[in-house]
Amino acid sequence: MRRMQILNNSISAHALLLLLVGVAVLSTSHAQDLMERLRERMVRTQIENRGIKAPAVLKAMRKVERHRFVPESYASRSYGDHPLPIGEGQTISQPYIVALMTEVLNLKESDKVLEIGTGSGYQAAILGELCDSIYTIEIVEVLGKRAANLLDTLGYENIEVKVGDGYKGWPEHAPFDAIIVTCSPTQIPQPLQDQLAEGGRMVIPVGKRDAQELVLLTKQEGKLQQNHIIPVRFVPMVDSTGATY
């Protein structure tokens, strides 16, 4: 009788464990489904409805899980129409701005792209869905290392992260077919102009904190042609001492 009771208890404990595991799996699956629905709504309402049309960009925005790139406490807000803090006084950009900056570069799969301002790594992941070679620089060490670890975990073998001063670019890998800058200098950095390939494109916010303009630069016969896109507000570009450029 005692053996039967022990056996019954063992079965009950095993069944309870299976039940708890099943609940956890269902809960995880439900959370994944919810995030996927929120991401789809983000693309439809915030991006497609505002005129972003490039199929490859829309596909990347649907695939990359933005909630993975924000602190857990902000995950429920990760698909909203706004930037979010990621620590160290930095933010992850509004989804529409990420899509817009990506689309205007008119990227090809074979393009070599330089990103200045890795931040959370989200923009780099979007670029990594589109192009073979992405080089991204972050001046805040803790953010750079965190982004590098996350991008590695997510399997982005085509993205290389460097902790350093983005103003100086990455001359070892220049020239670049495209450059995207996610922080705002008051003037376009000369090293980035020099590292842009002939026919290359650079999208960059330029100006002081309360008066910035997103511009697209195209290098033709060694000269930069400039087109204004929209007014924006980005964190300023800084050097290793925290002074703004």
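Is Ser78 buried or exposed? The points below start from that residue in a predicted model.

1. Ser78. This residue sits in the loop that links α2 (55-63) to β1 (84-87). Ser78 is buried, its relative accessible area being 0%.

2. Chain totals. The protein chain holds six helices and nine strands. Of its 245 residues, 43% are buried. Among contacts with a separation of 6 or more, 52% are between residues 24 or more positions apart.

3. Ile52. The loop between α1 (2-47) and α2 contains Ile52. With a relative accessible area of 3%, Ile52 falls under the 20% limit and is therefore buried. Leaving out residues up to four places away in sequence, Ile52 touches Ile47, Val57, Leu58, Tyr96, Ala99, Leu100 and Glu103. The C-alpha atom of Ile52 is separated by 9.8 Å from that of Thr102, although the two residues are 50 residues apart along the chain.

4. Helix α3. Helix α3 covers residues 95-104, and eight of its 10 residues are buried, so the rest of the structure largely encloses it. The buried residues in α3 are Pro95, Tyr96, Ile97, Val98, Ala99, Leu100, Met101 and Thr102. Of these, Tyr96, Ala99 and Leu100 are also among the residues that Ile52 touches. An α-helix has 3.6 residues a turn, so residues three or four places apart point the same way. Just after α3, Asn106 has a positive phi of about 50°.

5. Strand β4 and its pairing with β3. Strand β4 spans residues 133-138 and is mostly covered, with five of its six residues buried. It pairs with strand β3 (residues 112-116) in the parallel sense, over five bridges. Within this pair, Lys112 is opposite Ser133 in β4. From β3 the chain passes through helix α4 (residues 122-130) to β4, in a β-α-β crossover that is right-handed.

6. Strand β4 and its pairing with β5. Strand β5 (residues 159-163) runs parallel to β4, and five bridges join the two. Here Ile137 stands opposite Lys162 in β5. The chain goes from β4 to β5 by way of helix α5 (residues 141-153), and this β-α-β crossover is right-handed. As for side-chain directions, in a regular strand the side chains alternate between the two faces of the sheet.

7. Cysteines. How many disulfides does the count come to? The count is zero disulfides, for which a pair of cysteine sulfur atoms would have to lie within 2.5 Å. Cys131 is buried, at 3% relative accessibility. Cys183 is buried as well, with a relative accessible area of 10%.

8. Largest pocket. The volume of the largest pocket is about 610 Å³. Its lining comprises 36 residues, and those that lie nearest the centre are Gln90, Thr91, Thr182, Phe234 and Val235. At least two lining residues come from each of β2 (90-92), α3, β3, α4 and β4. The largely enclosed helix α3 and the mostly covered strand β4 are thus both contributors to the lining of the largest pocket.

Conventions:
Residues are numbered from 1 along each chain as its sequence is written. This is a predicted model: local features need pLDDT of at least 70, side-chain atom pairs count only at pLDDT 80 or more; totals for chains, interfaces and linings use all residues. Side-chain values use heavy atoms; hydrogens and water are left out. Buried means under 20% relative accessible area, exposed over 50%, partly exposed in between (1.4 Å probe, protein chains only). Helices (H or I, at least four residues) and strands (E, at least two) are DSSP runs, numbered from the N terminus. Two strands pair if DSSP finds at least two bridges between them. A crossover is right-handed if, with the strands pointing away from the viewer, the path from the first strand over the helix to the second runs clockwise. On a 1 Å grid over the protein atoms alone, a cavity is a set of points where a 1.4 Å probe fits but cannot get out, and a pocket is an open set with protein on both sides within 12 Å along at least five of seven lines; lining residues have an atom within 4 Å of a point. Grid points are joined across faces, edges and corners, and a volume is the space filled by probe spheres set on the points. Contact means heavy atoms within 4.5 Å.
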